[in-house]
Amino acid sequence: MQHSRHKVSTDAHAPGALHVQNARLAFGERVLFDDISLSLPSASWSCLLGRSGCGKSSLLRLMAGLEVSNDAQLTLEDASQRPWRQRIAWMGQQDLLLPWRRVIDNVQLGSTMRGERSDPERAMALLERTGLDWAARRYPQTLSGGERARVALARTLYEQAPLVLMDEPFAALDALTRLDIHERACELLADRMVVMVTHDPIEALRLGDQLLVMRGSPARIEHFAPPEGTPPRHPATDSMSRHHDDLLKALTEQTA
Amino acid sequence: MIRSLLLPAMRLVLATALLVGLWQLVVLMGAPRYMLPAPSSVVQTLVAQSALLWHHALVTLGEIVAGFLCGTLLGIGTALILSRWAFLRSTVLPLLLLTQAIPVFAIAPLLVLWFGYGPGSKVVMATLIIYFPIASTCYDGLRQTQPGWLDLAATMGASANRRLFYIRLPAALPSLASGLRMAATAAPIGAIIGEWVGSSAGLGYLMLQANGRMQTDLMFAALIVLLVITITLYFTVDRLCRLAMPWQPDRTGRQTLINGEKI
């Protein structure tokens, strides 16, 4: 099943595009990256790849305004000049569901955290869209890994944030569950700007409108052409396997 | 369900019967009565002196429960303050350790001098004995929150107070629960020591009196009452902890129902 995504403009200066500028991160003498800039077109899905330790997760954390290092900086801006820090939704390496909150209360966590009135109707609607309305009153540990990932997706959507930052959100799932959650995520996040850090080239090739490979020391970002077709792309096509080979080569190649 | 409850109960009865049998055997082998009274004579004393035992048990029970509540509240309060305001750690942590380094037994006479022969000094003693375990288990639990949860809360714009009360405190509950169970067995020690040092009522007082008059059977009867109080307190606390954490899978495997469904 193919879900149609908005036609994505690759013109970085299109209205709504978000710019990451002057990103720098160092731990003491060790500079992971310096002066990195990249643009995120509106309603696009960008995948950030690289060897482990290259600093891709840290770059994502910097974008989210999370603590990384004392020697770190990053500017996030779009044409509107509004602050971006309050307009992001975060999905971490695990589903991060709180075991003491029922599924629906996990979806509404953002309201509790900000001290706002929660919106159970919207939370319920989101659970319906992720196919989990039957589980609203359950505790998370009674659900399977795939179901938990869908709850985490519903919680992310509840935030109504234009920018969604994901740090290997589906890494813990088995391959088949992951293929299923890709389709759902692609449909549900179609109108958001997504940046996803991933170790899985197939995941990146299926979902990415923009493939960013981080490599070198200090790291640079290289753009990598995505396969043709609109995401979620079928994982078993000739185009996919060709791109997969190229991407793997780029990831494993040592740069001077 | 009934069967799963019955089985541990039967095991408990069996173990108790075995213990009493062993006790009776030692008595039959010729242990002097003033050192080890027969189980039957202890039971007789329990019945005959029930009014006296009841009177003293209520005093001790009150001291234990009051001490348990005070120690728990103080311990949790300390842990919350320590994790909320980092700059207090360097001053409060050494003080906390100090309360544990001084043996309560050693300052018991002093506490009786300060807080009197009444229940006050016993409540303070029980409070002191459980304060450190509660504070340290709760503080440990608060410190070991999964960092991913705190990241998520930060991106949602949560204040430090909301992170503490909605994420770190619930996450610390399993750790706090083990502290509470430990405290349930330690609080009676504090109360009894207090009564030994100086008092005019309570099971500890009764045991001292009985000991002085060679009424060993009464001493054993008081001991059994104390045992029942401690075990009841332990299981009550354990039960309440489970009720407070309905999401927590049961380690003993007795409670396999969550949300009314088997998991």
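Guide: Over all chains the count comes to 15 salt bridges, a salt bridge being a side-chain nitrogen of Lys or Arg within 4 Å of a carboxyl oxygen of Asp or Glu. One such pair is B:D151 with A:R61; B:D151 lies in helix α7 (residues 147–155) of chain B and A:R61 in helix α1 of chain A, so the pair joins two chains. Helices here are DSSP runs of H or I with at least four residues, strands are runs of E with at least two, and both are numbered from the N terminus.

This is a predicted model, in which local features need pLDDT of at least 70 and side-chain atom pairs count only at pLDDT 80 or more, while totals for chains, interfaces and linings use all residues. Residues are numbered from 1 along each chain as its sequence is written, chains are lettered from A and ligands numbered from 1 in the order in which they are written, and side-chain values use heavy atoms, with hydrogens and water left out.

In the pair B:D151 and A:R61, the closest N and O atoms are 2.7 Å apart. The rule finds one salt bridge across the interface of chain A and chain B. B:D151 counts as buried, at 16% relative accessibility; buried means under 20% relative accessible area, exposed over 50%, and partly exposed in between (1.4 Å probe, protein chains only).

Around this pair, 26 residues of chain A are in contact with 25 residues of chain B, contact meaning heavy atoms within 4.5 Å. The two chains, A and B, bury about 2200 Å² between them, and 67% of that is on carbon and sulfur atoms. Buried area is the accessible area (1.4 Å probe) that two parts lose on being put together, summed over both.

Other salt bridges lie within one chain. A:D119 pairs with A:R122, with 3.4 Å between the closest N and O atoms. A:D119 is partly exposed at 30% relative accessibility, and A:R122 is partly exposed at 24%. In chain B, the side chains of B:D140 and B:R143 meet at 2.9 Å, N to O. Both B:D140 and B:R143 belong to helix α6 (residues 119–143) of chain B, three residues apart, about one turn of the helix. B:D140 is partly exposed, with 30% relative accessibility. Elsewhere, A:R24, A:D34 and A:D71 form one network through salt bridges that share partners.
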